[in-house]
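Trainee: I would like to learn how to read a model with two chains. Where do we begin?
Mentor: With the place where the chains meet.

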Amino acid sequence: MTYVSPLLNSYLNNKTNKLNHHDKVYEDLKKHANDVKPNEAKAKLVKRGPVTDAFNAIKDTGKDCANFVKAVRTGKLSDNNLGRINDLGLKLGAALIAVFLAGHAKTKTDAIKQFVCGGGFLAAMTLWPKLFINLPARLVHGFNIDQKYINAQGDKKDFFLDNQFLPWDAFSKEELEKIGKRTGIDYNSENGEEKIKRKMQKTALQNRTLWMATAGFATPLGSAMLGKAVGPKIQEAVTKHDFEQAKDLLENPEKLEAFIAKAKPDNSGVKALNKILNSNNGKMPDAKYFKSISEKLQVSELFPRLLSEDESKIISGIQSIGLEDKLKSLYEVNATVSKNGLADLIANAKLPIFSADMLLTGAEDVTIDKTTATNILASLGDNISISSLRTLLKSRQVADADIEKFIATLEVDDSSFREKIKEFAKGPLAQAKGRIKAYLKIINPIAGSTAESMATKEITDIMLNYADALGIDEKTLAKAKSGTQDASKNILQDLFVNFFKKQDTLPIDERTAKYTELLNTLYRSPNAALTEAMDKAGATENIARVVKTDGDALLEAILGGTDKQVNLEGVIKQSIRTKKVDIDAIRLKGLLCANMERRIAAGEFKGVEDIVRAIIYDGNISSLNNKLEVHEPEKFADILKQMFNRNAFQKEKEVCETIGEQVETIHKTLFKIGDDTVKNLTFANFSSRIKEILTSRFNDKAWMKKFGTMSAVLVAVTLLAQPFFGKIKKEYPEKTQGGAK
Amino acid sequence: MQQNTIPSVDNLPKVGYYVSHNEKKEKFYQTESHIHKQNALSGVKAGAHKLTNDIFTYFPKGFAGSKNSDFYEFLSLGMIPYAVGSAMLIALYSATNSKFSPQHAAAAGKVAKTMGAGVVLYGLGKWLSQKIAHKGIKASTGIDLDMLYINKINELPEPGQEKGIVRTQYPGVFASVDFYRKDLLAKDSELNHGDIYAYDDKIAKKAGFKKELNAPNQTIGPKIREVKARATAMENISKYVMAATGVAMGAQKSFENIKMINPFKNPKEIPSMFKSMLTAVKDGAVQLWKGTDKNVLTRYGGKALIIGSAVTTLLTWLVPTIGFKTNPNTMKSKVDTTKEYEVC
């Protein structure tokens, strides 16, 4: 019985008194004096599954944001929730990094990869412990080491977060019994409950330490593996998507028109151009001035991916010559000198005039005097253009050289010239550049040289096909990576030669069958969609929308070129055609090489095998030309005639019909005419391209060997460590029969 | 005649129970947790202590499932995945380079340098943002959020041991909002300033209280909690914005030109390597600000990140300070001195 003082007792028994708070507490104590028990457990375990996990993650992130606002506004937030804001910041930082690096990425594939790998990094951070530590632990030890619980304040926390503060109240007796059964400890045995708890504590601690040890390795590896697996697929998807879009535009003229019409004008060169324009110092400028202006007005720098660097330099060089003259005449029409004092300048310059009488009279030193000058200038206005001045002086029989010398001394006002050029650059030229860029956006996915164009994909696929058909293995790959081109040429040679050596042991019909099989694996039929798209991209009516000049003389000079062969339309058509021929040549390359090797193995070309092989693998005709043709031109021509004999290609014609015509062309021209087909049929850079494909395959294999092994070892160590955790036998030694002796 | 020497401190007989204040303090410091004198190297010393213990003590204890592993050790282990992960990111682009051809090795090496710069500047950005904000908060509120103390843990004996050892830790005084070590602050004030409220008085002055408070810990305790909560919330955002800026800077072209040399093979070249790193940082910052004309992101992304990290760091300083300063005349006292109260 609780002791209550008599005074209070009488007070309490007097029911008319209302109890204040102080007394109420006493009253409660008195009532429950004999049934004191602990409070209800306030901690509750959280039961989850994979679906609710993801949903909860989103909900929790929302809660974190609300908590952030609460912390800033009121300054009251628990440690646990403050720690969760750290995760929020981490996600924000990762997103910022991904967005920034994506903006800087050189290709669309790289940009997409930033987000994929960034997300993959965060995913690897959470999935590594979930899949390789928590899951095996659950299977081996029978409980969830990532158990979460909700505490009395309503916060969701990790149960095993702090090794020295485990709120066991959250686990009910039944749950501990269940876990004990799974791990082989009887709850009801001596120390049973303590043993189960100790085992759970120890296992969880060891697993979390393992997590800390392995996370540094696992997360980057996981993200890199994801990037390697997903990168090629992203590139393929991007290439296909861009190709389809470009094709669609080319097939619908209205869409194409609209697309080009809404292209943004490109003002990129205007600043530099203004700098050059303003660099003139008020006198008649020299040829260098006009040259630098004309260089700034060129458009060929827009084509680096379509043309090679050398080609674009040549073209812009040619185009700028014609442009310089036009600029100079434009200058002279627009730049003026003031009439004020001009008569004096002319008189003082003592410009020598040649008149027909001089021959007869023998008079020397005849120059325009001041009166004559004033007279002849009278008919002109206050500001005289240089071209009219020039005409004037010429009409007075002054020699060109003397006119040039005189004009070079004058003060020239070229502001209207500068204005005209600036307007041109900002107006028609910028618009033309914009149109060209828009059209390039259509051409590049089809016929460009970047990694994300269909043409590049086609070539890569053909080369990979060769690599697979010829059975390239580790040793070959290692040889390919060594720097020289000869190494890869020898690889091809070896592969063909070995193939035919193996054939020697077979009977003839089998040999034929095997050969046809080889040809079929080497040959890849043309990609009709790509060819069609390339044709459309090079069609005149499509290009016409881009190169329209609307009669602007300067624009015509830039886009039309002085020589019809280097106008912009021609450049575009040429580059697309070159790409087309390139692809065709690569496709036929395998058949050509097989054909030559077959004939060499059969005994043809005795003594000149090296020359034949050099032509067919290297395509380095020019150096061979120099070696042989200069010294033995007939021998060279004979070899070529024998090689490219249409009748020797019957077998190959069964696989590819068109090879006959191309062989015939070489036979006829013998490389004398610079025809593309002829050049590319043997040039096609076969060796260096195979080397590229093989090298990148080798690099991938070498990388995968090192880091794939590392990943495998990491996973193995993590999984194998699991059974060694949670051993508590030593801490609870068997009790021997004892007692005081 | 008796010698009339005036007894000096030195000749006093060592009899009795007088112990000097300093001796008491030293003994206390040896065995009890206390706040030590902070200087510029305190953080570095604590970090180095954590790192060595991570590898040689905390990991073995964790793997052995020791009862003595605590939350501090778990948090300290968090350094290791960051360091290992950074090294892995660099290795992914450099470890196989010896097998590649020179051209490919150079291309991969460039990415490795960018990765290296990125991870270093990431960590640097996180640290710098916190440091700047904390220094600002210390100046305006007097609370040093980076204050560390020496924690002496008496461990339980491990299986097989007779007695548990005494372990040293270097936690932060204000590491927890709910339970900041005000007991240690009070003890430190008592030992070093003779008054348990010395620290709270200092803070109260900064908060705007002109008169000395009777029980400053009652008023200042919640204020310190608020400052810590606001600062933590803000810096958890600002440090990642600055880290992102660091990574963005590391991705600039200037870092591709860093001269990497093997420090063990040619130690003479180490100064020039550092010089090339510094120029890379300088140029990288300029390149990040200027951006390139490719698209809207490249033109303004760098500027946005730099301004963003500056603004968030500034806010991390300002927001707690604004909440801290108070007009003492508006503070409500809980006890209304004009009313009468019944005393039981």
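**Reading the interface and chain B**

Mentor: This is a predicted model. Begin with contacts across the chains: 52 residues of chain B touch 50 residues of chain A.

Trainee: Which elements of chain B give two or more residues to the side that touches chain A?
Mentor: Five helices of chain B do: α2 (42-64), α3 (71-77), α4 (79-91), α8 and α10. The largest share comes from α8(B), with 15 residues.

Trainee: How do the residues on that side of chain B divide by type?
Mentor: There are 31 nonpolar, 15 polar and 6 charged residues on the side of chain B that touches chain A.

Trainee: Is contact counting the usual way to give interface size, or is there another?
Mentor: Interface size is often quoted as the accessible area lost when the parts come together. Here we stay with contacts: 52 residues on chain B, 50 on chain A.

Trainee: What confidence scores does the model carry?
Mentor: The ipTM is 0.85 and the pTM is 0.77. Chain B has an average pLDDT of 86, and 91% of its residues score at least 70.

Trainee: Now the fold. How many helices and strands are in chain B?
Mentor: Chain B has 10 helices and 2 strands. In sequence order the pattern is α-α-α-α-α-β-β-α-α-α-α-α.

Trainee: Is chain B compact or spread out?
Mentor: Compare its radius of gyration with the globule rule. Chain B has 27 Å, well over the 20 Å the rule gives for 344 residues, so chain B is more spread out than a compact globule. The C-alpha trace of chain B spans about 95 × 60 × 50 Å along its principal axes.

Trainee: What share of chain B is buried?
Mentor: Of its 344 residues, 30% are buried. In chain A, buried residues make up 32% of 741.

Trainee: And how do I read sequence separation in the contacts?
Mentor: Take the contacts between residues at least 6 apart in chain B: 64% of them join residues at least 24 apart. For chain A the figure is 72%.

Trainee: Let us zoom in on one helix. Which residues of α7(B) are buried?
Mentor: Helix α7 of chain B covers residues 198-207, and its buried residues are B:Tyr199, B:Asp200, B:Ile203, B:Ala204 and B:Ala207. Seen down the axis of α7(B), they fall within an arc of 135°, so they line one face of the helix.

Trainee: What do the buried residues of α7(B) pack against?
Mentor: Four helices of chain B: α5 (102-141), α6 (182-193), α8 (216-250) and α10 (296-324).

Trainee: What comes just after α7(B)?
Mentor: B:Gly208, with a positive phi of about 110°.

Methods:
Residues numbered from 1 in each chain as written. Chains lettered and ligands numbered in written order. Predicted model: local features only at pLDDT ≥ 70, side-chain atom pairs only at ≥ 80, totals over all residues. Buried ≥ 20, exposed ≤ 12 C-beta atoms within 10 Å, placed from the backbone. Contact = placed C-beta atoms within 7 Å. pLDDT = per-residue confidence, 0-100. Arc of directions from axis to C-beta. Nonpolar A, V, L, I, M, F, W, Y, C, P; charged D, E, K, R; others polar. Rg over C-alpha atoms; globule rule 2.2 N^0.38 Å.
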